[in-house]
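Thanks for coming, everyone. Please have a look at the chain on the screen, and I will walk you through it.

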Amino acid sequence: MLNMKLKNKLFIFAQTIPDFRLNRKKLHPSENIVFITILAVICGAETWEEIEDYGIVKREFLETILDLENGIPSHDTFNRFFSLLKPSFFEEHFVSWIKSISNHYKGVVAIDGKTVRGSKQSGLKSAIHLVSAFSTENEIFLGQIKTEEKSNEITAIPELLKVLDLENAIVTIDAMGCQTDIAEVIIEQKADYILAVKENQKELYQDIESAFLIPSKDKSKIYITEEVGSGRVEKRTCTVMDDLSHLLNPTKWNSLQSIAKVLLDIL
């Protein structure tokens with residue numbers, strides 16, 4: 001449940017979004033439409049019908065904040081309102097609002113991509129793929145960009161990074177995002193990066209693999225964790241190496257400080 005302070009901030013944000021509907025068709029205030037939509041999407045709504053259903057189910061709660069004299073907007077009203085609004089404009093304002101409630105993107109910001117369930121229409125178009133930024137400490141999504149194919153993540157990630165205030169954050173990305181250009185953007189944003197390396201970066205992967213052939217003697221650079229999950233104990237051993245002399249061309253990676261290897265054992 002949202003606390004009152006956050007409710008008020010969300011309502012104020014909703015009031016800042018312009019309404020391009022015809023005046024004679026404005027049965028529901030724009031702030032009601034925006035407020036309900038954001039909460040519905042946070043709760044997993046993916047269609048205009050599901051947003052309307054959320055409003056109906058949560059009407060008693062929503063009436064503590066909104067003037068619902070004319071009831072919950074229909075799915076057509078939600079659709080019409082947002083179809084007249086430029087997505088990039090809404091995203092820019094939404095990111096600004098997120099900044100106002102989180103103050104700063106602290107800790108780890110995880111960049112990840114996934115395909116939207118049910119978005120592929122046979123014979124018409126490919127499935128929608130979203131690249132998202134998630135603040136693990138604040139437990140909120142900071143932004144996302146739609147791509148047509150998973151392979152397009154490489155070009156979408158820099159676009160997403162450039163609109164975020166990442167100063168002093170640690171950005172993590174899977175192997176798809178292990179690119180020198182992406183590392184460059186992260187450093188430009190005054191953040192640090194942890195990039196997963198697989199064989200899509202064959203030279204780098206082989207260099208790192210060979211660097212860890214000799215067991216580390218520096219025990220201070222070895223970290224071990226054990227977690228219980230799904231009825232099993234998972235032990236992870238992370239070994240960190242600051243010596244980059246094993247890499248053929250470490251200067252390609254802006255501000256690279258160390259490499260690491262993580263081993264997973266099922267106990």
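I will start with the whole chain, then go to a few places in it.

First, the ground rules. This is a predicted model, where local features need pLDDT of at least 70, side-chain atom pairs count only at pLDDT 80 or more, and totals for chains, interfaces and linings use all residues. Residues are numbered from 1 along each chain as its sequence is written, and side-chain values use heavy atoms, with hydrogens and water left out.

Now the overview. The chain has nine helices and eight strands. Both are DSSP runs numbered from the N terminus: helices are H or I with at least four residues, strands are E with at least two. There are 267 residues, and 36% of them count as buried. Buried means under 20% relative accessible area, exposed means over 50%, and partly exposed is in between, with a 1.4 Å probe and protein chains only. Take the contacts between residues at least 6 apart in sequence: 50% join residues at least 24 apart. Contact here means heavy atoms within 4.5 Å.

Next, the core. A nonpolar core is a set of buried Ala, Val, Leu, Ile, Met, Phe, Trp, Tyr and Cys residues joined through side-chain atoms within 4.5 Å. The largest one holds 61 residues, and Phe13, Val34, Leu62, Phe90, Ile111 and Leu161 touch the most other members. Helix α2 gives the largest share of this core, seven residues. Look at Leu62: beyond four places in sequence, its partners include Phe35, Ile36 and Leu39.

How do α2 and α5 pack? Their axes are 11 Å apart, at an angle of about 100 degrees. Axes are lines fitted to C-alpha atoms, for helices over the stretch in contact, and angles run from 0 to 180 degrees between N-to-C directions. So α2 is roughly perpendicular to α5. That label covers 65 to 115 degrees; under 35 is roughly parallel, over 145 roughly antiparallel, and the rest oblique. On the α2 side are Ser30, Ile33, Val34, Ile36 and Thr37, and they meet Thr77, Phe78, Phe81 and Phe82 in α5.

On to Arg21. It sits in the loop between α1 (4-15) and α2 (30-42). Is Arg21 buried or exposed? Arg21 is buried, because its relative accessibility is 6%. Its side chain makes a polar contact with the side chain of Asp19 at 2.6 Å. The Arg21 side chain also reaches the backbone oxygen of His28, at 2.7 Å. A polar contact is a pair of N or O atoms within 3.5 Å; within protein, one must be able to donate a hydrogen and the other to accept it, and residues adjacent in sequence count only if both atoms are side-chain atoms. Further along the sequence, Arg21 is in contact with residues including Ile33, Thr77 and Phe81.

Most residues other than glycine have a negative phi. Asn168 is not a glycine, yet its phi is positive, about 70 degrees. It lies in the loop between α7 (153-162) and β4 (170-173). Lys190 is not a glycine either, and its phi is positive, about 60 degrees. Its loop runs between α8 (180-188) and β5 (192-195). Asn168 is exposed at 62%, and Lys190 is exposed at 55%.

Last stop, Phe141 in strand β3. Phe141 is exposed, with a relative accessible area of 51%. Beyond four places in sequence, Phe141 touches Ile98, Ser132, Ala133 and Phe134.
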